[in-house]
There are 2 protein chains.
Amino acid sequence: MPVIERVEVRDIRFPTSATLDGSDAMNPDGDYSAAYVVLHTGDPELCGYGLTFTLGRGTELCVTAAEYLAENLVGLEVDGMVGRLGSIYREVLVDSQLRWLGPDKGVVHLAKAAVMNAVWDLVARRERKPVWRLICDMTPEELVAACDFRYLEDVLTQDEAIDMLTALSPTREERVAELLRDGYPAYTTSPGWLGYDDDKLRRLCEEAVADGWDHVKLKVGRSLDEDRRRCAIAREALGQDRVLMLDANQVWGVREAITWVNELRSFDPLWIEEPTSPDDVLGHREIRRHVAPVGVATGEHAENKVIFKQLLQAEAIDFCQIDSCRLASINEIVPVMLMAAKFGIPVCPHAGGVGLCEYVQHLSVIDYVCISGSLAGRMTEFVDHLHEHFVDPVVIQRGRYVTPTAVGYSIRMRDESIGTYSYPDGAYWRGSSDGVAASPEARGHVARSLG
Amino acid sequence: MPVIERVEVRDIRFPTSATLDGSDAMNPDGDYSAAYVVLHTGDPELCGYGLTFTLGRGTELCVTAAEYLAENLVGLEVDGMVGRLGSIYREVLVDSQLRWLGPDKGVVHLAKAAVMNAVWDLVARRERKPVWRLICDMTPEELVAACDFRYLEDVLTQDEAIDMLTALSPTREERVAELLRDGYPAYTTSPGWLGYDDDKLRRLCEEAVADGWDHVKLKVGRSLDEDRRRCAIAREALGQDRVLMLDANQVWGVREAITWVNELRSFDPLWIEEPTSPDDVLGHREIRRHVAPVGVATGEHAENKVIFKQLLQAEAIDFCQIDSCRLASINEIVPVMLMAAKFGIPVCPHAGGVGLCEYVQHLSVIDYVCISGSLAGRMTEFVDHLHEHFVDPVVIQRGRYVTPTAVGYSIRMRDESIGTYSYPDGAYWRGSSDGVAASPEARGHVARSLG
């Protein structure tokens, strides 16, 4: 009977700021990073792996918080965990003193995501299943018991959730077979980073078309002239039949967003993503009312399920972009996907960063098979960065995610990558010639706000 | 010309969990703590002091984040800072990589509050004024320039803010004279902690009445029977003419809150505070509609000004409870007070903890003198804990805050207190006989959720 004996949390940082991969109007120079959790059991062949995604500086805050929370798992028997996922989330990984630092948001919540993601991975590995399969094999009652519905019951009760899941249970295996055959629809953000020049943007858009992508997302929001020029380039490369999405990464106020998006309407974007503060539910509602038929999408910074509840209640969004590491793992994500289904809003998970694509491929399967039963309007973000660091990286074919079959949550990193990019002691950071990025003194470095 | 030469951030923890001071339905065992910032200048007589309030475990997360942010102040000349408070807030204390960990919420935002509070303290000390006086001496344009209006302009533009401040400018000194003479109205939470037994509750309520308090707040939410009994005790001790407020510390869902509060309506509470998740703007609106004439109060966990904007827009609250350390200092608090004034909602600052009373006495003066011009429905929380650790502690007379006259923001801690309660190396924590609270191994201790 394996038991969680020891917890290891690593600070892993990739020097992506050197190439401006991932550059947008709010995040000009991120170093894609992770607080990476390993739950060690007595069995050396059985560990649980999880991470939360970060942007470089401050990753060690999430590491410290994850260490706090994960210590409470030491001594738990792995075999009983599949039936205790709800109480682990709601009771074991709760600390009334740490709660003040959120609650349910920011560093501590990101850390909880890393730890709980590792728990789901561990349970799935023990059961010899991919995480999506583990969940598709749960009864509606088991899945609801694993979730956290606190503060949601005015919009979705547990009984309603069971009813929704039960309605789709008889046909689950048909959808599983479909996804194993066809994969899940995706879109790419790889061409459109704000730090890329026009030639690179054009070339990458053309390559995306050649690779079979029908949906491409572009970063906007630095200057309106630039956005017009970049949208024209992208639209020309994509043609009129492919779909263009725009992402402003929160740079605008509400009124500014409305004006700016309407200036770009002629490029026929499907959605404007993160037009303003992620906390501004009513602001998103106002924007949505004034930029239609352009849709409003948000969620990668929606701090917890209560924000999603309100975005849906207020009819503030057209696309629900859950994040696998900002929401505290499947226990919180499944309730959000259930609420989205109830309101008829498609879930289009946020991905990219490091490891997020590996995670969301599971979440999209769960959504289709168990929760929404529909692919209409659904697609999962894909960005072609950093997959080489994972033991079981995502596979994309002709613009679709190939459904993963390896056990677990697909997030185990390669030992070599951990050795190289551990911060600050990994080989890259000790030896890098990039002084600013590499030195611990980079802690003091401040990138000025663009605002 | 003094310059900020060095930054010191301390982890200070007071073992309040030993006495259940501060116990409520969500926080059964907090150790009132602080990440305490000292900005050292070349002049040994001139430092800036600031803190953010925490509950014990995790304080070091705020310490680390405050160190990150405050390092960016090193080298700044003190004499120029009074005209640069806005750019320090919006540009110097911004880090695009740390931003991912919020944004503008949680650990990083709490840390920003500590650092920016220290900046305001330093500037006021240099000008030889209390912080409230420093601000009352600013022109409307200067004060607006010091603030952050990002994401607010759909509700309050900077021009409107200047107009509001200008309208009250000619009469500022009348209100200053009034407050110097009479003090600012306050209420006490000291009698009502949930960990106190009935006899202690009754005795403390009677003492509060004897000390001249007209407004007393009680913690509720653990059990309805218990709440009925405790409310009856408090109401009997207070009589019908004094005011009772209730505080549930977020334990309820929306529907549960409505039912529970209506069960307590016969005790005639002025407000129910934090009835549900602090993130649930629409939930507060729903509760408010169904518990009137009991008012709804919230704010101590409202993560930033965008949440307050929505609470006001949605007509979700009757009382606006800003927190001096969760909002990132005066730069963010003044815009919230301006919005509250525009919507006609009284600001009743949250206090207690450690140092919060010292801070909010300044904020209430600023609100009355510069922003609202009214005392109607206004009162500032007071809790009689831990004031002995400050060099310039608050003074209360007959249920009112005596307007502070010492220079700065009143938050400098006594050297002896720092030496005793620094964690984990202070004399108390090294020598305490309270093993659980005192040992660094307490990190692993988890208080189970009540939910």
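1. Starting with the contact between the chains: chain B puts in 62 residues and chain A 63 residues, where two residues touch if their C-beta atoms, placed from the backbone, lie within 7 Å. On the chain B side, α1, α2 (85–92), α3 (96–99), α4, α11 (254–263), α12 (281–291) and α13 (305–313) each give at least two residues. Helices here are DSSP runs (H or I, at least four residues), as are strands (E, at least two), numbered from the N terminus. By class, that side of chain B has 22 nonpolar, 22 polar and 18 charged residues. Ala, Val, Leu, Ile, Met, Phe, Trp, Tyr, Cys and Pro count as nonpolar, Asp, Glu, Lys and Arg as charged, and the others, Gly among them, as polar.

2. Keep in mind that this is a predicted model: local features need pLDDT of at least 70, side-chain atom pairs count only at pLDDT 80 or more, and totals for chains, interfaces and linings use all residues. Residues are numbered from 1 along each chain as its sequence is written, with chains lettered from A and ligands numbered from 1 in the order in which they are written.

3. Now the sheet in chain B. It is open, with 3 strands in the order β1-β2-β3 and antiparallel pairing; a pair needs at least two DSSP bridges. β1 (4–13) and β3 (47–54) of chain B stand at the edges with a single partner strand each, so one side of each has no neighbour in the sheet. Strand β2 (residues 33–41) of chain B is joined to β3(B) by 8 bridges, and one pairing to look up is B:S33 with B:T54.

4. Two helices go with that sheet. Helix α1 (residues 59–70) of chain B lies across β1, β2 and β3 of chain B, at about 175 degrees to β1(B). Helix α4 (residues 106–126) of chain B packs on the sheet too, touching β2 and β3 of chain B and making about 150 degrees with β3(B). Angles run from 0 to 180 degrees between N-to-C directions, with axes fitted to C-alpha atoms, for helices over the stretch in contact.

5. Is α4(B) enclosed or open? 21 of its 21 residues are buried, so α4(B) is largely enclosed by the rest of the structure. Buried means 20 or more other C-beta atoms within 10 Å, with C-beta atoms placed from the backbone.

6. A cis peptide bond joins A:A292 and A:P293, with omega about 10 degrees. A:E274, not a glycine, has a positive phi of about 45 degrees, and A:E274 counts as buried with 28 C-beta neighbours inside 10 Å.

Key
Buried ≥ 20, exposed ≤ 12 C-beta atoms within 10 Å, placed from the backbone.
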